[in-house]
Each structure stands twice: as structure tokens, then as C-alpha cells.
Amino acid sequence: MTLSSDPPADVTPTRTRVGWALLASELSVLYRRRRTWAMLGALAAIPVLIAIAVRVTSGSSSGRGPAFLDQITQNGLFVALTAMVVSTPLFLPLTVGVVAGDTISGEASHGTLRYLLAAPAGRVRLLVVKFVGAAVFCLSAAGSVVLAGILIGAILFPVGPVTLLSGDTVGPVESIGRLALVASYVAVSLLGLSAIGLFISTLTDVPVGAMAATVVLAVTAQVLGALPQLDWLHPWLFTNYWLGFADLLRQPIAWDSFGSNAVLQLGYIVVFGALAYSRFTTKDVLS
């Protein structure tokens, strides 16, 4: 008789199914919450308010206001870009901080964390699923701003070819593709903040505290990034490339900022993911 130490052949498929089922459940819970849709609705309202304000005032901004504001009356697609510039420093980090800060602490406060871990999921898989859920929300948040901006811009203003920052002109279809790239860029930019929020969420059973700490860190990093005396620190801040999506509005597209931003966010994901793992794997969920 031959003895084998290999695990049963169906163990890996079973674990995979459990992982996908857990992710589906996480996304279902996230997008069934009224809070999630309220935050997405608030983000979508930003380009609507900008467009209505420009329309009512006949677009006379006299060179003041956020970037691309002057071009809105000539082309409604600039509503989405203006809204993204307005949303990225505060409103998007605020909503992402709420979701990321609630990942583990929310389960702990509701007493459901121990039941999740009682299932054949495992702590590492649960951490990964929670982070993926927060990452999906990042994409949803950025996408809601862009989509609402395109729709309201097309309703209130003419839509036509767009002149890029490089001076080249592209058609509306390609312009919408560029806006999708901008949304993807911003979503990637928020992944580092999501990892930080995930780690903070493992430190407490009070979701509000984790949410507030995550948002405060986002604001603090931007304040530090605005101080010229700290130039040496700027490349290491997770907010350093948040507004670097202007490079996607050139012909040809300059991918340098996108790549640098992705590498920086990956570094934060690795570091704070490791910290979250270290904390969560030793966390007493029964206390």
C-alpha cells in the first residue's frame, strides 16, 4: 500500500470557490448598503452642481476656479475633468476612507467577524477580499464622477472634438476613452489609501475611528505635499501623483506618471498589507 502526503485533488478548487463566494458576498453587502449609494450619489452630484453653476452664470469664470472650468461652455466633456480635479483632493478620499476604515472594524463592531472566520475562509483570504472590495469601490467612485460629468455635460453644453494639453485635437469618442483612463488613474491613486485604511481597521473595533483616522491621514499627506520645505518627502507620499492624470491628456499619452503612481501605490499596498496581516493574524476576535 502506498501512502501519499499530497492533499486531496479537490482541496484547491474548494478553496478557490470559497474565495470567490466570499468576494461575491462582500461586494453584495457593500453595494446593498444605502450608505454606499449615498456616497456614490454625492460624488455624482459634484459634476452636476458644477455644470449647473456654469450654465446659470453663463460660464463667466474670468480665469478663476479649478482647471478646465473655462472650457466647459465650449465642450461639455470638460465637466467631468473639472469635477475630477475638484473631487480628488477631498471628496474621493473621504468616501474611500469610509469604506476602507469599515472593512474589518465594521465586522468586529457588529459581531460578525468571528462567524466569518469560522467559515473555511481564513484570515488572509478575508483580508484580501476586503481589500479587493475597497478597490472595486475606488473604481466605482471615480467612475461615478466621470460618468455623471459626461452625462450632465452632454445635456447642458455642446459636445465636440477636444483639444488636448499637447495642442492636438481628438474626437468625442476618443475623449471619452481618455476620461475612462483618468477614472482608472484616480482609482489606482486611491489604492494606497485603501491599504492604509484596511490596516487601521484591524487596530480597532470602532469603525468611525478607523474611518476618521484614514481620512485625516489623506488630508495630512496632502498638506505635507504642499510644503516646499519638505520636497525630499513628497515622492514618498501616497498623494504625490494624485493629480498627475494630466499626462493622459496629451498626444501621444505620457504613461510616466501612471507608472510611477502605480509603483508608489503598490509599495503602500505591500507595506500596509503586511502590517494588516501581522496585526490581523494575531488579533483575538473573541474579545
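**Entry 1: the whole chain**

I began with burial: 44% of the 287 residues in the chain are buried. The model I am reading is a predicted one. I then went through the secondary structure and noted 11 helices and 2 strands. From the N terminus I read the order of elements as α-α-α-α-α-α-α-β-β-α-α-α-α. I also looked up contact range. Among contacts with a separation of 6 or more, 76% join residues 24 or more positions apart.

**Entry 2: Trp20**

I looked for Trp20 and located this residue in helix H1, residues 11-32. Is Trp20 buried or exposed? Its relative accessibility is 60%, and the cut-off for exposed is over 50%, so I put Trp20 down as exposed. I next checked Trp20 against Val129. The two are 109 residues apart in sequence. Their C-alpha atoms are 8.7 Å apart in space.

**Entry 3: Thr36**

I moved on to helix H2, where Thr36 sits. Its relative accessible area is 0%. Buried means under 20%, so Thr36 is buried. Which residues does Thr36 touch, leaving aside neighbours within four places in sequence? I noted Leu30, Tyr31 and Phe137.

I took helix H8, residues 172-189, and checked its length. With 18 residues at 1.5 Å each, the span should be 26 Å. The end C-alpha atoms of H8 lie 25 Å apart, which agrees. I listed the buried residues of H8 as Ser175, Arg178, Leu179, Val182, Ala183, Tyr185, Val186, Ala187 and Ser189.

Then I looked at how H8 packs with helix H3, residues 78-87. The axes are 11 Å apart and the angle is about 10°.

**Entry 4: helix H10**

I repeated the length check on H10. Its 19 residues should span 27 Å at 1.5 Å a residue. The end C-alpha atoms are 27 Å apart, so expectation and model agree. The buried residues here are Pro207, Ala210, Met211, Thr214, Val215, Ala218 and Ala221. Where do they fall, seen down the axis of H10? They lie within an arc of 130°, so I recorded them as lining one face of the helix. I then asked what covers these buried residues. The cover includes helix H2 (34-56), helix H4 (91-101), helix H5 (105-110) and helix H9 (191-201).

I followed the chain into the loop between helix H10 (207-225) and helix H11 (256-280), where Asp247 is found. The relative accessible area of Asp247 is 18%. That is under 20%, so Asp247 counts as buried. Its side chain makes a polar contact of 3.3 Å with the side chain of Arg250. Not counting residues up to four places away in sequence, I found Asp247 touching Ile253, Ala254 and Ser257.

Pro252 is in the loop between H10 and H11 too. I checked the peptide bond from Gln251 to Pro252. The bond is cis, with omega near 0°.

Key. Residues are numbered from 1 along each chain as its sequence is written. This is a predicted model: local features need pLDDT of at least 70, side-chain atom pairs count only at pLDDT 80 or more; totals for chains, interfaces and linings use all residues. Side-chain values use heavy atoms; hydrogens and water are left out. Helices (H or I, at least four residues) and strands (E, at least two) are DSSP runs, numbered from the N terminus. Buried means under 20% relative accessible area, exposed over 50%, partly exposed in between (1.4 Å probe, protein chains only). A polar contact is a pair of N or O atoms within 3.5 Å; within protein, one must be able to donate a hydrogen and the other to accept it, and residues adjacent in sequence count only if both atoms are side-chain atoms. Contact means heavy atoms within 4.5 Å. The expected span of a helix is 1.5 Å times one less than its number of residues. The arc is that of the directions from the helix axis to the C-beta atoms. Axes are lines fitted to C-alpha atoms, for helices over the stretch in contact, and angles run from 0 to 180 degrees between N-to-C directions.
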